[in-house]
Amino acid sequence: MVVRFDFRDVDAQLAGARDKVKQVFSSEGASAVEDAKQSGNYTNRTGRLRSSNRYEASSDKIALINDAEYASNVEAKGYEVLSGAFLRMVKRIEDNDNNK
């Protein structure tokens with residue numbers, strides 16, 4: 001007995017789900033970058049630290065990045081550059097997922 005399965009409809013469903021996840025990650029990434037700009041509790045003397053916040057999103061991950069080489073030093077001194085915005089973003093994503 002030979003059993004054959006056609007998974008073309010499953011592939012389309014998975015592609016749609018991946019697209020939706022990427023949309024959510026992109027939206028949340030943009031919101032987190034704006035949140036970090038608004039909530040950073042440091043003196044932004046040159047503007048570089050706040051303008052260096054960015055995000056990268058795909059269907060399986062999201063990353064918040066600050067390209068200023070001294071961002072981690074500012075965070076280590078107790079100031080919020082990007083970490084607080086990241087934590088709030090994760091909470092929003094988890095809360096949204098739990099409400100479904």
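The structure is a predicted model, in which local features need pLDDT of at least 70, side-chain atom pairs count only at pLDDT 80 or more, and totals for chains, interfaces and linings use all residues. Residues are numbered from 1 along each chain as its sequence is written, and side-chain values use heavy atoms, with hydrogens and water left out.

Helix H1 has 32 residues and spans 46 Å from its first C-alpha to its last. This is close to the 46 Å expected at 1.5 Å a residue, the expected span being 1.5 Å times one less than the number of residues. The buried residues of H1 are Phe-25, Glu-28, Gly-29, Ala-32, Val-33, Asp-35 and Ala-36. Here, buried means under 20% relative accessible area, exposed means over 50%, and partly exposed lies in between (1.4 Å probe, protein chains only). The cover over these buried residues includes helix H2 (48-51), strand S1 (53-57), S2 and H4.

In soluble globular proteins, nonpolar side chains tend to be buried together.

Charged residues come next. Across the whole structure, a search finds 7 salt bridges, each a side-chain nitrogen of Lys or Arg within 4 Å of a carboxyl oxygen of Asp or Glu. In one of them, the side chains of Arg-92 and Glu-28 meet at 2.7 Å, N to O. Because Arg-92 lies in helix H4 and Glu-28 in helix H1, this pair ties together parts that are 64 residues apart in sequence. Glu-28 is buried, with a relative accessible area of 16%, whereas Arg-92 is partly exposed at 30%. Beyond its neighbours within four places in sequence, Glu-28 is in contact with Ile-62, Met-89, Arg-92 and Ile-93.

Another salt bridge joins Arg-48 and Glu-69, whose closest N and O atoms are 3.2 Å apart. This pair likewise links distant parts of the chain, with Arg-48 in helix H2 and Glu-69 in the loop between S2 and H3, 21 residues apart. Arg-48 is partly exposed at 35% relative accessibility, and Glu-69 is exposed at 60%. In the salt bridge between Glu-56 and Arg-54, the closest N and O atoms are 2.7 Å apart. Glu-56 is partly exposed, with a relative accessible area of 42%, and Arg-54 is partly exposed at 31%. Finally, Asp-35, Glu-80 and Arg-88 are linked in a network of salt bridges.

Two loops round out the picture. Asn-41 lies in the loop between H1 and H2 and is partly exposed, with a relative accessible area of 46%. Leaving out residues up to four places away in sequence, Asn-41 touches Arg-50, Gly-78, Tyr-79 and Glu-80. Asn-41 and Arg-54 are 13 residues apart in sequence and 18 Å apart in space, C-alpha to C-alpha. Ser-52, found in the loop between H2 and S1, is buried, with a relative accessible area of 9%. With residues up to four places away in sequence left out, Ser-52 touches Ile-65, Asn-66, Asp-67 and Ala-68.

The surface has a nonpolar patch as well, formed by Met-1, Val-3, Phe-5, Phe-7, Val-10 and Leu-14, with about 720 Å² of accessible area together. Patches are made of residues with over 30% relative accessible area and no salt bridge, with like charges joined within 9 Å and nonpolar side chains (Val, Leu, Ile, Met, Phe, Trp, Tyr) within 5 Å. Accessible areas come from the Shrake-Rupley method with a 1.4 Å probe, and for residues only the protein chains shown count as cover. Val-3 lies in the segment before helix H1 and is partly exposed, with a relative accessible area of 49%.

Notes. Helix = DSSP H or I, 4+ residues; strand = E, 2+ residues; numbered from the N terminus. Contact = heavy atoms within 4.5 Å.
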